[in-house]
Amino acid sequence: MSSTAFSVWIINKAGGLIYSKTYAQGLSSELTSNEYLVLASTFHSIHAIASRISPVPGSSGVEVIEAETFKMTCLQSPTGTKFVLLTTPSHPSPDQVLRRVYETYADYLKDPFYTTEMPIRSETFDTKLASVLKPKKRIAVIGGGASGMSAAYALSLSPDKFEVVLLERSTYAGGMASSFEIDAEKYGASYINDGVQGASPVFANTFTMFERLGFFSSEVGMQCSFGKGSEFWSNVFPSPVVDEFQADIARFGKVLNIIKTFEPIFALISVQAMLDMFRFQPRFGEVIVFPLVALFFGTGNQTPFVSSAILERVFKDPSMRLFEYSPTSFLATIPEMRAFPRLSLVYETWVKLAESTGNVSVRLAHEVTSVKRSKAGVQLKYRKCGGVDMGQLVVDPGEEVEERFDEMILATDADAALKILGKDASWFEKKVLGNVKYLWDVTYTHADEEYMKKHYETGHSEALNSEKRNEDKEAQKQFEFARDQFKPIYFIKNYEDDKKKIEMSFDLTLYQAQFRGVSPFGPGGTGDPAKPRVDEEDATSVVSDQTKEKPHVYQTIFLDRDGSREKWTNSEIDPSKVILVRWWKQQSHRWQHYGGTVPFMWLINGSNRTRFAGAWSVLNMHEIAIVSGFGAAYKLGAKYPFVDASECKRLFGLYLALGHASRMRSEDRKGFFA
């Protein structure tokens, strides 16, 4: 049974009932006015007798009477007035509610027209007390990744309105945003962030949330190494490949403007079709375009089929833009990236903060198995488990239990959402969610430098420089910089026999700040939401830079198990240098996703007491995951946490419009849209 407050009574010191109000149904029968009067008088007498016969001197009398289906809790004021609350046995804090009832009553005593001890007949008092005792809406949040935690946090900001249970089948919150312990003596750091490394600094909601928790990101230059040998190119300095495609590169900027102008149309046109439409060289797509999109959006071997609107967003969208386009070198700069602090600590702190308001319960290692939705609410079946293994399979499942909620937020991937809904899924939910395609990838975290040198360009050599830029002063500066400072953190290569398929790697030692001695909380962070930043006098600089002294830690991603496994080179990685092998289910951003899922999310959001959240609803980004969770909670009546931050509100407002066909509430915006 839910935690419900049924009714409240106020009894004066003489035993007279001066106020009673019922706020929720649920008892077997309702009492008449005379029965309430008799009950109040009887309770008053029992209370007085109990205080007199108690073996404890100065006893306060009856405080709680608990039965199988209800609980009565009493608070007696110093003047002898009694406040009685009738609730379900599972109500977590009847004492706190009674304290607020007493405060409301004490405030009402200031009314000069009210005589103490007399019956209370006041609409103002009724309204104020109703705000205290109105039953909270029970919300189930399924999934404890970025979207689920965002939803739970937003709902936690209104403890008077919501009672929230978050169910996550893993033993930790964060989803893909996880951390893994490694040998600090051997590698120079005690952990790695696994699955998610960092993000563009324009991801305002992500970093604002992290900073509220007391965690800060570290700046790192996004140096990229695309291809090998004659097909190598980079955003650090121009190579012969950039010269080869100079005409295509110069024309590409004009095409970006066309895509931006007609974005709704190009959302339904794949990158491959767009390149053919504008007659780009096939090799330009294979060597330049596909690797770039795959790198930033994690689209992997599905990149040729990705919506071409995504490509435009890499360069044009203020909330997603990372690269600056150059008509002479394609990528003009080394953009700033932000490496995340220790993600396991971020999410542990996030859980504690969400639970600190008292209306949120995060239940880790709980798997939801089925759901039944009706006009009466949402009936969930779930079970405790031992978490999930490296293959994402649940281990040690326990016995199922049932619990009822008023609304549900499904903050899982689309596949998992459909599995949970089962036969309860509507025809349209099956069409929209079933249109999301997933692929299985595997990451090898390793320290095999020879493998990296064999398959990627890991350092600078003069042979990699363009030979046609002798008179280009800017290019000469870039060559000079690269001789000593070319230290790529991202690597992409094409497979020789199929240039449309790729492999990706990261140099975690150069990317993640803990290898440079930065605190797990990030520079200046405390990991404490009450005091997010360290005092200036207490701040410490980097302790030690291990990036030159220890073997580098790399992470290589082999993509699309079912479509590309025969091309993988994972067998070439020295087994003795493998640190971790982990499987991931990754979303494919096919153009069909933007034709059959994204435009119709607003039609399934809010139907059948269900809202959906997750990066898959638009684009596989941590920032989208966070705003999707905020959006689902917001539509249930929660507050948007960053309403005063315009850089955060922009993407949030766009997501509300796209995913929920809704604007922000009038008090949260300026003007009709913004």
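Cys648 is buried in this predicted model, with a relative accessibility of 0%. Cys224 is buried too, at a relative accessible area of 1%. The structure holds 0 disulfides; as a reminder, such a link is a covalent bond between the sulfur atoms of two cysteines.

Met337 belongs to strand 16, which covers residues 336-339.

| Residue | Relative accessible area |
|---|---|
| Cys648 | 0% |
| Cys224 | 1% |

Seven strands make up an open sheet with mixed pairing, and their order is 13-12-23-24-25-22-26. Strand 13 (233-234) and strand 26 (578-587) lie at the edges with a single partner strand each, so one side of each has no neighbour in the sheet. Within the sheet, strand 24 (residues 498-507) and strand 25 (residues 554-558) run antiparallel and are joined by 4 bridges. Which residue of strand 25 does Met504 face? Met504 stands opposite Ile557.

Finally, a look at the surface. Ile258, Phe262 and Ile265 form a nonpolar patch there, and together they have about 270 Å² of accessible area. Of these residues, Ile265 sits in helix 9, which spans residues 263-266.

Conventions: Residues numbered from 1 in each chain as written. Predicted model: local features only at pLDDT ≥ 70, side-chain atom pairs only at ≥ 80, totals over all residues. Heavy atoms only, no water. Patch = residues over 30% accessible without salt bridge, like charges linked within 9 Å, V, L, I, M, F, W, Y side chains within 5 Å. Areas by Shrake-Rupley, 256 points an atom, 1.4 Å probe, with all protein chains shown as cover. Salt bridge = Lys/Arg side-chain N within 4 Å of Asp/Glu carboxyl O. Helix = DSSP H or I, 4+ residues; strand = E, 2+ residues; numbered from the N terminus. Pairing = 2+ DSSP bridges. Disulfide = S-S within 2.5 Å. Buried < 20%, exposed > 50% of the residue type's maximum accessible area, 1.4 Å probe, protein only.
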